[in-house]
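Please open the structure in your viewer and keep the sequence panel at hand.

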Amino acid sequence: MDNDTIIEIKGLKVNIKIDEGTLTAVRGVDFEIRKGETLGLVSESGCGKSLTSKAILGINDKKCKAEGEIMFDADGLGRVNLLKLNPIGKEIRSVRGKQISMIFQEPMVAFSPMYTIGNQINEATLLHITKDKAKAKEISLEVMRKVGIANAEKRYDQYPHEFSGGMLQRALIAMALVCNPKLLIADEPTTALDVTIQAQILELMKLLQKDFGMSILFITHDLGTVARMCDRIAVMYLGRIVESGTALEIFKNPQHPYTHGLIGSVHKIGTKKQERLYSIEGTVPLALNLPAGCGFYERCRRRIDGVCNVYDPELVSVGGEHKVACFACTGCPGAKEGGKG
């Protein structure tokens, strides 16, 4: 972990105990995020994106057991493995919300309907910045104005049901940024919004990133959004990173068949009416009692029988920062006996 890297994740696994056995929803994820950059974590629903992000903050359900390393350069703690900290202890609470904060998927359910917006933003301000209620209110109002909430003094005393979806998302961003975090995790922050509000929120996040100098982990299934927001991209499938690289490398020269499918499914300007969007056949399988081999084998149009269904491909460099885990892209083994699924 060098000085430019703010967080480094190595071999992250998230196991969930269910009646049928142990479901390994995240299966050995590796990536890092550098200071001031935006990393896009991309996949379909059900591939482990949200579990990965919540593991960073230690807020997954008690049934979820995380293993591996999440190394973070934390103020007051030094370089620390967040997974080794007590999830309800003082150390992780000094990181969660202050140094690493999160924008959740649904603003309508992220806020409690019982308290005013100002009260809920103030909770982080009072916990991490100041115990002076008047000063805390002043800081919260300043952040509310910064995220574009008009008439912030009036809005401060209103309840979540009095806000529109777009305004509620701005309030959620204000709550995440009020402590000036080093890392912001944005978990599909524009999913519930219409297209014009989406564009406003994305532009707002880019401006605020410059103002606050923070890094962003941007989680989404929308490749169009990723192209606009991200410096680097990690494509995730069935709990693993299958391709990673700069945004330019991924969009200019996608390698993995899954990445091809995601990019091909995005509507493009100039597409004729009769042309159908590309679709990836099948669905993401349940990560329980998985067979040996590549997790994408059953859905892949380029699979190599006797190889892809026997060995697990590892991420291999194909030039620059571009890495891919696919035997059809990098050649047949590569598959060592130790790499068997």
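Begin by selecting residues 117–128, helix α4, together with residues 133–146, helix α5; in this predicted model, the axes of the two helices come within 9 Å and cross at roughly 110°. Angles of 65 to 115 degrees count as roughly perpendicular, and α4 and α5 are therefore roughly perpendicular to each other. The crossing in which α4 passes α5 is right-handed.

Next, display the side chains where these helices meet. On the α4 side, select Ile117, Ile121, Asn122, Thr125 and Leu126. Their partners in α5 are Lys133, Ala136, Lys137, Ile139, Ser140 and Met144.

Now turn to the cysteines. How many disulfides does the structure hold? The number is zero. Select Cys47, which takes part in no disulfide: the nearest cysteine sulfur belongs to Cys294 and lies 12 Å away. Is Cys47 buried or exposed? Cys47 counts as buried because its relative accessibility is 0%.

Finally, colour the chain by pLDDT. The mean for the chain is 89, and 94% of its residues reach 70 or more. Then select residues 334–341, where the pLDDT is below 50. In the model, this stretch has 15 contacts beyond near neighbours in sequence.

Key: Residues numbered from 1 in each chain as written. Predicted model: local features only at pLDDT ≥ 70, side-chain atom pairs only at ≥ 80, totals over all residues. Heavy atoms only, no water. pLDDT = per-residue confidence, 0-100. Contact = heavy atoms within 4.5 Å. Disulfide = S-S within 2.5 Å. Buried < 20%, exposed > 50% of the residue type's maximum accessible area, 1.4 Å probe, protein only. Axes fitted to C-alpha atoms, helices over the stretch in contact; angles between N-to-C directions. Helix = DSSP H or I, 4+ residues; strand = E, 2+ residues; numbered from the N terminus. Parallel < 35°, antiparallel > 145°, perpendicular 65-115°, else oblique. Left-handed = near helix turned anticlockwise from the far one by under 90°.
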